[in-house]
Amino acid sequence: MKISTLFYCIWQGIRNFFRNKWFTLLSIATIATCLFLFGVFYSVLENFRNIVHTAEEDVSVVVFFENGIEKAERDNIEQKIRRRTEVRDVVFVSAEQAWEEFSKDYVGDSAVTFTENPLENSANFQVYLRDVSQQSALVTYIESLPGVRDVRRSELVADTLAGVNSLIGYISLGIIILLLVVSVFMINNTVTVGISVRKEEINIMKYVGATDFFVRSPFVIEGILIGLIGSVIPLGIIYYIYNNVTDYIANKFAILKSMLTFLSVQEIFQTLVPVSVVVGVGLGFIGSYVTVKRHLHV
């Protein structure tokens, strides 16, 4: 294929884009609507996932030692725990720290009346996990270590958070598949309407000996332009809405600020932008390519 032919096809695709205004606007609106819904759902689900992940970071397994355990043996237990892939961090809490925290929360000023530490044998490791769904396997391992007296875990909290994480994953997958199916259906119908109007033009080109590539290329380029613009518009709208909504919630419900930890717009867009552009351009390309192919046989 000559370079001049390629540039001609590109130029014709751009001309078609501006010449068929109603078809172009309808196609852009279709893609933009689908990708806007996808972007909204993605932003909400990712923030919800982040809130659950933040809650997971506060869940720990508490490991108590045998009475009179030596420091070297305790350090050995810590090293073995840290080697586990599911462990994010291990924090040592001495008996004095344990009593200080307990007395602050439950005893108050009466703590000064105690001459000895009631939690003398309560030194422990607080083990934080990367994924709370792996808590059971970790607890089983730690309980098998010599020198460990007891292991306490938040089984109900861990199971609940793990279940919520799985549910979010299934919901995300379902919504993405649903939106993609709807998008392909809508794009296909929209492109079909636009190309049906120009069916006679396609037939004439075929009768005078134009190749399939020559006939198809302008429509495919037009579809790619439509997909590209249709993906950029919802990104701009979502960017504006996301910043304003998160700022409003953070200011209006300041009491919940520690719980509602929103992702920044940059964190959301580092995934949303490439996915939206690829999906938008892909839908425009596939929709135009497949639809034109139906009219090439005359």
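A charge is said to sit over a ring if NZ of Lys or CZ of Arg is within 6 Å of the ring centre and within 35 degrees of the ring normal. The model is predicted. In it, the charged end of Arg84 sits over the ring of Tyr141, 4.4 Å from the ring centre. The charged end of Arg74 is placed over the ring of Phe92, at 4.1 Å from its centre.

A pair of aromatic rings is described by the distance of the centres and the angle of the planes. Four aromatic pairs are found in a search of the whole structure. Two of them are set out here.

| Pair | Centre to centre | Angle of planes | Kind |
|---|---|---|---|
| Phe92 and Phe125 | 5.8 Å | 70 degrees | edge-to-face |
| Tyr239 and Phe269 | 5.5 Å | 80 degrees | edge-to-face |

Phe92 lies in strand β2 (residues 87-93) and Phe125 in strand β3 (residues 124-129), so their pair links distant parts of the chain, 33 residues apart. Phe92 is partly exposed, with a relative accessible area of 31%, whereas Phe125 is buried at 1%. Together with Phe65, Phe92 and Phe125 form one aromatic cluster.

The pair of Tyr239 in helix α8 and Phe269 in helix α9 (residues 265-294) ties together parts that are 30 residues apart in sequence. Tyr239 is partly exposed, at 38% relative accessibility, while Phe269 is buried, with a relative accessible area of 13%.

Helix α8 (residues 212-252) also holds Ile241, which is partly exposed at 37% relative accessible area. Ile241 belongs to a nonpolar surface patch with Leu228, Ile229, Val232, Ile233, Ile237, Tyr240 and Val245. Together these residues have about 660 Å² of accessible area.

Terms used:
Residues are numbered from 1 along each chain as its sequence is written. This is a predicted model: local features need pLDDT of at least 70, side-chain atom pairs count only at pLDDT 80 or more; totals for chains, interfaces and linings use all residues. Side-chain values use heavy atoms; hydrogens and water are left out. Patches are made of residues with over 30% relative accessible area and no salt bridge: like charges are joined within 9 Å, nonpolar side chains (Val, Leu, Ile, Met, Phe, Trp, Tyr) within 5 Å. Accessible areas come from the Shrake-Rupley method with a 1.4 Å probe; for residues, only the protein chains shown count as cover. A salt bridge is a side-chain nitrogen of Lys or Arg within 4 Å of a carboxyl oxygen of Asp or Glu. Helices (H or I, at least four residues) and strands (E, at least two) are DSSP runs, numbered from the N terminus. Buried means under 20% relative accessible area, exposed over 50%, partly exposed in between (1.4 Å probe, protein chains only). Rings of Phe, Tyr and Trp (its six-membered ring) pair if their centres lie within 6.5 Å; planes under 30 degrees apart count as stacked, over 60 as edge-to-face and the rest as tilted.
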